[in-house]
Amino acid sequence: MTASDLPIQAIATSPKASKDAGLAPLLLTIVELVRQLMEAQVIRRMETGDLSDEDLERAAESLRKLEEQVIEICGIFEIDPADLNIDLGEVGTLLPKAGGYYPGESTAHPTILELLDRLLNTGVVLQGNVDLGLANIDLIHAKLQLVLTAKPI
């Protein structure tokens, strides 16, 4: 695998993105992924009746404003918002195409967003150890346990 095969390279060298954009496309992609994950959770909670009309209205307004800000920042950096959806090759795309995913409904070729939404809906526990070092000297040891779920625990 060469550097040009990496998904991040595709963002950095997008012909539509400004050469001065730097990390902006990557950061905007992450923000858009999180925004769409939150939107999926709002839809799930709306359908189960867990949100009051007032909560739903506030959430919808916040999501709309965040989407507007992402589009505005894309304009500042001359990035086409469609370029935020990274094609990860055999894995698929990061985000669904417009109207291509509704929470709770399975698709033939799930995107990373859909897979993350399913994980949040069912919950997952990740455990691991991380050792950070320099010059073959372990300097930081971390034992991590992460519970990732959209439901209160």
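Figure 1. Helices here are DSSP runs of H or I with at least four residues, and strands are runs of E with at least two, both numbered from the N terminus. Ile112, Leu113, Glu114, Asp117 and Leu120 are the buried residues of H4; buried denotes under 20% relative accessible area, exposed over 50%, and partly exposed in between, with a 1.4 Å probe and protein chains only. The cover over these buried residues of H4 includes H2 and strand S2 (137-148).

Figure 2. Arg44 belongs to helix H2 and counts as buried, because its relative accessibility is 15%. Beyond its neighbours within four places in sequence, Arg44 is in contact (heavy atoms within 4.5 Å) with Tyr101, Pro103, Gly104, Asp117 and Asn121.

**Figure 3. Surroundings of Leu28.** Leu28 is likewise part of helix H2, which spans residues 24-47. With a relative accessible area of 6%, Leu28 is buried. Apart from neighbours within four places in sequence, the contacts of Leu28 are Val70, Ile73, Cys74, Ile79 and Leu84. Val70 is 42 residues away from Leu28 in sequence, yet their C-alpha atoms are 6.7 Å apart in space.

**Figure 4. The chain as a whole.** Four helices and two strands are present, in the order α-α-α-α-β-β from the N terminus on. Of the 153 residues in the chain, 26% are buried. Among contacts with a separation of 6 or more, 50% join residues 24 or more positions apart. The accessible surface is about 10,800 Å², with 59% of it belonging to carbon and sulfur atoms; areas come from the Shrake-Rupley method with a 1.4 Å probe, and for residues only the protein chains shown count as cover.

**Figure 5. Confidence along the chain.** The mean pLDDT (the predictor's confidence in each residue, from 0 to 100) is 84 for the chain, and 86% of the residues score at least 70. Helix H3 (residues 53-76) has the highest confidence, with a mean of 95, and helix H1 (residues 7-12) the lowest, with a mean of 42. Over residues 1-15 pLDDT stays under 50, and the model has 10 contacts beyond four places in sequence for this stretch.

Residues are numbered from 1 along each chain as its sequence is written, and side-chain values use heavy atoms, leaving out hydrogens and water. In this predicted model, local features need pLDDT of at least 70 and side-chain atom pairs count only at pLDDT 80 or more, whereas totals for chains, interfaces and linings use all residues.
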